Amino acid sequence: MSYDDNNIFAKILRGEIPCKKIYEDDFVLSFYDINPQKKIHALVIPKGKYVDLDDFSQKASSEEMVGLLKGINTVAKKLGISVDVGKGYRALVNINEDGGQEVPHLHFHLFGGEKVGKMVSWILKLKEIF
Ligand code: 5GP
């Protein structure tokens, strides 16, 4: 899939749509998700035009890759959910349609501020049983 310059995160990066910014540097922009699924729900996106994680893995420079990972750590620290303060969080990336991705600009979801639980909930397990 080629990159769509009109996707919502491209517009946020260009400042055409507002966001609740958490952090920004040369490589990443981080802001709160508009529809939080946990007490803290942040998004971290690379500044480069990458559709998804596969696209990023294949085309991004080593500098951009390091920048994105370091950016995630910096955001976790800023939010007070990093391991060095005894907390933790879930980092999640949806990839393409089968992976549940809606916005076609690579983004990491960071969920935290509470115990986020197992990925497979007990309700899903019950559904498997019955
Ligand atoms: P995906 O399903 O693509 O992994 O996640 C897209 C995320 O972007 C969703 O969690 C959704 O709530 C969030 N989102 C969609 N539009 C906006 C927006 O305009 N601003 C912000 N901050 N988040 C958005």
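Colleague: Which residues come nearest to the ligand?
Modeller: This is a predicted model, where local features need pLDDT of at least 70, side-chain atom pairs count only at pLDDT 80 or more, and totals for chains, interfaces and linings use all residues. Residues are numbered from 1 along each chain as its sequence is written, and side-chain values use heavy atoms, without hydrogens or water. The shell around the ligand has 15 residues, each with a heavy atom within 4 Å. Of these, the nearest are Asp-33, Asn-94, Glu-102, His-107 and His-109.

Colleague: How much of the ligand does the protein bury?
Modeller: Areas are Shrake-Rupley values with a 1.4 Å probe. The ligand alone exposes 520 Å². The share of that buried by the protein is 83%.

Colleague: Which element gives the largest share of the shell around the ligand?
Modeller: Helices are DSSP runs (H or I) of at least four residues and strands (E) of at least two, numbered from the N terminus. With 3 residues, the largest share comes from α1.

Colleague: What volume does the largest pocket have?
Modeller: The ligand takes up this space, a molecule being placed in a pocket if more than half of its atoms lie within 2 Å of its grid points. A pocket is an open set of points on a 1 Å grid over the protein atoms alone, where a 1.4 Å probe fits with protein on both sides within 12 Å along at least five of seven lines. Its volume, the space filled by probe spheres set on the points, is about 470 Å³.

Colleague: Which residues lie closest to the centre of the largest pocket?
Modeller: The lining comprises 22 residues, each with an atom within 4 Å of a point. Closest to the centre are Phe-9, Asp-33, Ile-34, Asn-35 and Leu-43.
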